[in-house]
Amino acid sequence: VDIDEKTKEKIIQLQVLEQRSQSFLIQKQVFQTQLLEIENAITELDKTKDNVYKLVGPVMVSAKRSDLKKELESKKEILTIRIENIEKQESKIKEESLKIQKEVMKYIQ
């Protein structure tokens with residue numbers, strides 16, 4: 001099948017969109033892992049009545065429970081927003097990919 005330049009460009013666009021999609025997927029997985037770690041830390045923080053500590057660089061220092069919980073909740077909120085933004089971008093890429101795929105399939109068939 002002989003493919004015109006416009007169709008070749010569409011195929012290249014699809015490849016670029018697929019690469020972007022993979023990049024977003026990796027970022028989302030990293031953020032989801034961090035979110036899970038933070039949620040687990042919050043759960044453990046709520047369970048314990050002992051002194052609490054946090055890592056500051058390579059050093060563990062005593063921390064105030066309420067301050068530590070606020071810090072973790074803030075990080076959790078930021079990660080949740082980042083994940084939602086990535087999911088929106090993934091959705092847009094998926095829509096654009098489907099549109100371009102349909103255009104390419106019309107030409108190929």
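Let's start with the second largest pocket, whose lining is made up of Leu14, Leu17, Glu18, Ser21, Glu90, Ser91, Ile93, Lys94 and Ser97. The elements that give two or more residues to this lining are α1 and α2, and α2 gives the most, with five residues. A pocket here is an open set of points on a 1 Å grid over the protein atoms alone, where a 1.4 Å probe fits, with protein on both sides within 12 Å along at least five of seven lines; lining residues have an atom within 4 Å of a point. Helices (H or I, at least four residues) and strands (E, at least two) are DSSP runs, numbered from the N terminus.

Before going on, note that this is a predicted model: local features need pLDDT of at least 70 and side-chain atom pairs count only at pLDDT 80 or more, while totals for chains, interfaces and linings use all residues. Residues are numbered from 1 along each chain as its sequence is written, and side-chain values use heavy atoms, with hydrogens and water left out.

Back to the second largest pocket: its volume is about 170 Å³, a volume being the space filled by probe spheres set on the points, which are joined across faces, edges and corners.

Now look for the largest pocket, which holds about 240 Å³ of space. Its lining takes in 13 residues, and those that lie nearest the centre are Ala41, Tyr53, Lys54, Leu68 and Leu72. Which elements each supply at least two residues of this lining? They are α1 (5–47), β1 (52–56) and α2 (65–108).

β1 pairs with β2 (residues 59–63) in the antiparallel sense, over five bridges; strands pair if DSSP finds at least two bridges between them. If you want a spot to check on screen, find Leu55, which stands opposite Met60 in β2. The hairpin of β1 and β2 has two residues between the strands, and Gly57 takes a positive phi near 65° there.

Finally, the charges. The model has eight salt bridges, each being a side-chain nitrogen of Lys or Arg within 4 Å of a carboxyl oxygen of Asp or Glu. One of them joins Lys28 to Glu87, with the closest N and O atoms 3.8 Å apart. This pair links distant parts of the chain, since Lys28 sits in helix α1 and Glu87 in helix α2, 59 residues apart. Is Lys28 buried or exposed? Lys28 is buried, at 15% relative accessible area, whereas Glu87 is partly exposed at 36% (buried means under 20%, exposed over 50%, partly exposed in between, with a 1.4 Å probe and protein chains only). Both residues also belong to a salt-bridge network that includes Glu90, and Glu90 is one of the residues lining the second largest pocket.

Other salt bridges stay within one helix. Lys8 meets Glu5 at 3.7 Å between the closest N and O atoms, and the two are about one helical turn from each other because they are three residues apart in helix α1. Lys8 is partly exposed at 40% relative accessibility, and Glu5 is exposed at 53%. Lys47 and Glu44 also form a salt bridge (3.4 Å, N to O), again with three residues of spacing in helix α1, or about one helical turn. Lys47 is exposed at 58%, while Glu44 is partly exposed at 46%.
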